[in-house]
Amino acid sequence: MHRRAFLGTVGAAGAVGTAGCGFRAGTDGDGGGTDEGSADGAGSGNGDDESGDDARPDGPDRRFRVGDDGFEVSVDGGPFAEFVPRGVNLGMAKPGRFPGEAAITRAEYDRWLAAMGELNVNVVRVYTVHPPAFYRALAAHNRENPDPIYLLQGNWIGEEHLISAGDAFVLAEEFDRSLRRAVDVVHGATTIDPEPGHASGTYDADVSDSVLGYVAGIEWPPTVVRETNRSNEPGAYDGEYLSSTVDRPFERWLAGRLDRAVAHEVEAYGVGRPAAFTNWVTTDPLSHPYEPFETEDAVTVDPDAVVATDANDAGTFAAYHVYPYYPPLLNETPEYANYVDHRGEANAYAGYLNDLVGATGHPLVVAEFGVPSSRGIAQRHVHGRDQGRHTEEEQGEIVAAMYEDLREVGAAGGLVFSWHDEWFKRTWNLADLSDPNRRPEWSNVQTPEQRFGLLAFDPANAVPLDGSGGAWTDATSATPAGSPAPIGDGDDAGNDAAAGDRELTALRVTSDAAYLSIRLEFADLGGTAGESADGGVDWDRTNYLVTLGLTGRDGVELPYGVDATSASTDFVVRLGGPDDSRVTVHPRYDAFAYLYGAEAGLDLSRYRDPEPGAFAPVRMTINRGYTVPPTGERVPFQSVETGALRYGNGNPDSPEYDSLADVHVSPATDAVEVRLPWLLLNVADPSRRRRLGDLWADGVDAYEPFEAIDVAAASYVPAGGEDDAEAPGSAAPIDSTPTNLAHAVPGIEGDRLDAVGYVPPTWDEPAYDERLKESADRLREVFGREASAPDE
């Protein structure tokens, strides 16, 4: 590794290291008041009734600095000791609320900080100023626990705001003001007036003795970096506490912002601490010839170009967000893909980190890393660390391994993204399919960006998907109007008890903020409880169909050769066992075909005007294709069949829990249960019962209301297995009836499958329960090993 471009010295600013001093509650921070606010803190809006005890930093004085290899902490004037951040990133959103509503309560902060401590977390990073409740909770937690949780405080600037400005210097004053505000907040010395999109209130909790440092800004858009460098004269910045060492204006801008923030803290509070800026792979100082997208390697923002002066003994560091799956250079660069990690395994993520740490003179903190436990997926990784489609257990294994990777290559610490799931977020490949104004109101398990958390928010009163019947008591239900059709294969009623798996006794439908759930009940499902994921059911004998209609599309000919039509069908679910179960969609209602069909090479005429009985797989785009520059290799457009269904137990309390389970087979209760994510059914906002409209006529953003979902279920005898290339899973003929359906609920009239109307509830506030994911256990282990490791 390169040596640091600076060494911290105690000189002209010896007072900088005196932490925990300065102003207290009720003062105005820098004397003039960074923010104009009322003395009574009107506008805090968090509903917390708190005493002033949290304002007193009743603990040891701490000094913080960056040494040659990482952070160092001195307690009560003692020697500096190495400190390795084992942290999490904490956002400001929760279910039902956007981040700018600053709605997290004191009780939630208290609970979450306690849980973080139990996971051996020693740093929490926040991207912007949180409500006063957060700082009061942090002060209380650290006063009551011998092992404090330190804070890395950030300041936020919107990406769209930056792009609109173009030149970052246009926003210098605004950015400086937000950084000064962050400094005053952690010292408990300011009041912030209400402003849309920001936290507000009286900040009276001084947590400065726990503030490890500041990480300013966001992942810098390359267009802004380029425009800033183009619009301003070259030249370095020579500041009192931080300077820049290159002529690029963007690094000059950053050095100036950090210098002013440090100066404010020194002048107002007599204390200083490490300060850095956010960075990411796209603007790293390395050259990436294998990157296929020009903007992902077009500019450099180099942390080494911003250095601490001799007057700043606290120093600076590099803070990078690094995920394994994007940009494509992480997959395509041979040196990364072939890199062998400390385990002796190929590991592109460790390969990149090794390169980055080796090229960076400052100690480097991986300020964001992680993978989501979402059902959907957005990017592939060459070694399986994909953006999505991981169980909670797999998520934990990958996140723990990534932390080990970054430490093995010499990073000074790492912060997991993120502490909790965030329902308001969107992902590039699905963003067009949900109402942006209502995203926080429901849990979109298809969207990877919503599922990075260690803390899950499970919809309240959801069915556990484990076969138990208690949660279905209030479900909409229907029973069959007729008896099963005689098949004549020796398994009919009266010949063999096994015929009970064809006889449906009830259909039940319910829903919550994440799923539409369906339960099929049978006379005798057979099989062996617990024997396998499919319950030991003989799927060669019997398959099942579930039809779902939201649009009122009538007279639809059903697939799989069942020779039946439906009163209302947009989606058909076939249950044919763990490898042969999927959701299919009426081609005209296929959002994938509408958005990506041309790129995927589909014959779009078959979707605009489909053949009778045609249904399409439900797919999800994960790569729109690119060419690798040095080799000219074309990586094609890629998608996955997200309608394929996974069998397992969906109850988090079960030792067999599978967080990605869609179907559970329960011979013990003669039931098969299915849960389907709302977005899989083109529901753009379940909280208001709104769906996608006629895609080909009105586009994806013409949301339409729906009053009910028409649901029907049927059993049939498959003619052959999936090896039948002509019609895999198709039904065997039944001579005694007009259709090839053995039994149905609610029933069959001639060749028409009847349906029951299910009216999903609507809501203004989603009801949910908190739960630490299985991934948290793995993080506790890996963080705990380092926490208990002897000092070297």
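Predicted model: local features only at pLDDT ≥ 70, side-chain atom pairs only at ≥ 80, totals over all residues.

Reply: Residues are numbered from 1 along each chain as its sequence is written, and side-chain values use heavy atoms, without hydrogens and water.

Me: What is the volume of the largest cavity?

Reply: A cavity is a set of points on a 1 Å grid over the protein atoms alone where a 1.4 Å probe fits but cannot get out. The volume is the space filled by probe spheres set on the points, which are joined across faces, edges and corners. The search of the whole structure finds one cavity of 30 Å³ or more. The volume of the largest cavity is about 200 Å³.

Me: Which helix supplies the largest share of the lining of the largest cavity?

Reply: Lining residues have an atom within 4 Å of a cavity point, and helices are DSSP runs (H or I, at least four residues) numbered from the N terminus. Both α11 (591-600) and β28 (620-623), the latter a strand (E, at least two residues), supply at least two lining residues each. The largest share, four residues, comes from α11.

Me: Why does the span of helix α1 agree with expectation?

Reply: The expected span is 1.5 Å times one less than the number of residues. Helix α1 has 13 residues (106-118), so it should span 18 Å, and its end C-alpha atoms do lie apart by 18 Å.

Conventions. 1 Å grid on protein atoms, 1.4 Å probe; cavity = no way out; pocket = protein on both sides within 12 Å on 5 of 7 lines; lining within 4 Å.
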